[in-house]
Amino acid sequence: MKDHTDFRDPETGTGFADEMRLIPRWSVALALLAFVTVQYFFWIVLPANRHHEPPPLGFRLYFALSWSALAALYVLMVGYVSRDAPRRSMSLRFWIAICVIMPGGIGSVLYFLLRQPITSRCPACGTHIQADFHFCPQCACQVSASCGQCYRSVSMSDLYCVHCGHDLAADNIPARLKAFQS
Ligand SMILES: [Zn+2]
Ligand SMILES: [Zn+2]
C-alpha cells in the first residue's frame, strides 16, 4: 500500500506532521532519557562537585534546559535519519555515523543539504526510481501520469493538461495508474 502512495509527489505531498511520524519510538524514548540525564547532571552531579560559588539560578536554568533540549534533539535527529535515509536509497550506516561523529549537529545539517530525493520502486522490475520520474529507466514502465503532448507531470484526476490544455483522456493512461485516481 505504501508503495502506491509514493508514486504521488511525496516531496510536496507529505507535511511536517508526516515527517515527524517518521521518527521511531526508540529514538523518542532515548531523547527523553538524554533530556533527563542532562538535567540530572546539571542539578545533581554538578552541584556536588562544585567547590566555588554557584552561578545565578537563571543561568543554571538556562544552561540545563538548553543543553538537555540539544541532547534530546540530537537523538531525535539520528532517529529521523535512520528512517529517512533508506527511502532515499542513501547509505544508512554512513549517514548515521556522520550524524553521530560530527560535533554540534553538523552531521545532520550535512545530511539535509546532501540528501537525495525520495525514491520508490518500479512495480514492474523493482528498480529504485525517483519521485519525479514518469517512466522507469530500466523497463519503461509508466509510474506516474504525464501529458501525452508536452510530457510534463499531470495530476491523476485532471481531465486536461494544466500546461498545454491537451485532452488527457486521449492518452490512454495505463489502467494501473487509473487505479490511483481519487
Ligand atoms: Zn522498471
Ligand atoms: Zn501538456
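## Salt bridges

Five salt bridges turn up in a search of the whole structure, where a salt bridge is a side-chain nitrogen of Lys or Arg within 4 Å of a carboxyl oxygen of Asp or Glu. This is a predicted model, in which local features need pLDDT of at least 70, side-chain atom pairs count only at pLDDT 80 or more, and totals for chains, interfaces and linings use all residues. Residues are numbered from 1 along each chain as its sequence is written, chains are lettered from A and ligands numbered from 1 in the order in which they are written, and side-chain values use heavy atoms, with hydrogens and water left out.

Let's start with Asp 18, whose side chain meets that of Arg 21 in a salt bridge at 3.1 Å, N to O. Asp 18 has a relative accessible area of 33% and is therefore partly exposed, while Arg 21, at 61%, counts as exposed. The cut-offs here are under 20% relative accessible area for buried, over 50% for exposed and anything in between for partly exposed, using a 1.4 Å probe and protein chains only.

## A network around Asp 84

Which residues are linked in a network of salt bridges? They are Glu 19, Asp 84, Arg 87, Arg 88 and Arg 115. Asp 84 pairs with Arg 87, with the closest N and O atoms 2.8 Å apart. Asp 84 also forms a salt bridge with Arg 88, and there the closest N and O atoms are 2.8 Å apart.

Is Asp 84 buried or exposed? With a relative accessibility of 0%, Asp 84 counts as buried. Arg 88 is buried too, its relative accessible area being 3%.

## Aromatic pairs

Next come the rings. A pair of aromatic rings is described by the distance of the centres and the angle of the planes. Rings of Phe, Tyr and Trp (its six-membered ring) pair if their centres lie within 6.5 Å; planes under 30 degrees apart count as stacked, over 60 as edge-to-face and the rest as tilted. By this rule there are seven aromatic pairs. One of them joins Tyr 62 and Phe 63, an edge-to-face pair with 5.4 Å from centre to centre and 75° between the planes. Tyr 62 is exposed, at a relative accessible area of 56%, and Phe 63 is partly exposed, at 36%.

Trp 95 and Tyr 111 also make a pair: their ring centres are 5.4 Å apart and their planes stand at 75°, so this pair is edge-to-face. Because Trp 95 lies in helix α6 (residues 92-101) and Tyr 111 in helix α7 (residues 106-114), the pair ties together parts that are 16 residues apart in sequence. Helices (H or I, at least four residues) and strands (E, at least two) are DSSP runs, numbered from the N terminus. Trp 95 counts as buried at 10% relative accessibility, and Tyr 111 counts as buried at 0%. Both rings belong to one aromatic cluster, formed by Tyr 80, Phe 94, Trp 95, Tyr 111 and Phe 112.

## Zinc ion (ligand 1)

Which protein donors hold the zinc ion (ligand 1)? They are Cys 122 (SG), Cys 125 (SG), Cys 136 (SG) and Cys 139 (SG), lying 2.2 to 2.3 Å from the ion. Donors are N, O and S atoms within 2.8 Å of the metal (3.2 Å for Na, K and Ca); water is not among the atoms, so sites may look incomplete. The angles among the four donor atoms run from 106 to 115°, and the site is tetrahedral. Four donors count as tetrahedral if all angles lie between 85 and 135 degrees. In sequence, the donor residues of this zinc ion are spaced C-x2-C-x10-C-x2-C.

Cys 122 is buried, with a relative accessible area of 3%, whereas Cys 125 counts as partly exposed at 38%. Pro 137 sits in the loop between β2 (128-130) and α8 (175-178) and counts as exposed at 51% relative accessibility. Pro 137 and Cys 122 are 15 residues apart in sequence and 9.2 Å apart in space, C-alpha to C-alpha.

## Zinc ion (ligand 2)

The zinc ion (ligand 2) is coordinated at 2.3 Å by Cys 147 (SG), Cys 150 (SG), Cys 161 (SG) and Cys 164 (SG). Why is the arrangement around the zinc ion (ligand 2) tetrahedral? Because its four donor atoms subtend angles of 105 to 117°. The donor residues of the zinc ion (ligand 2) follow the spacing C-x2-C-x10-C-x2-C in sequence. Cys 147 counts as buried at 1% relative accessibility, and Cys 150 as partly exposed at 23%.

How values were computed. Tetrahedral: all angles 85-135°; square planar, octahedral: opposite > 155°, others 65-115°.
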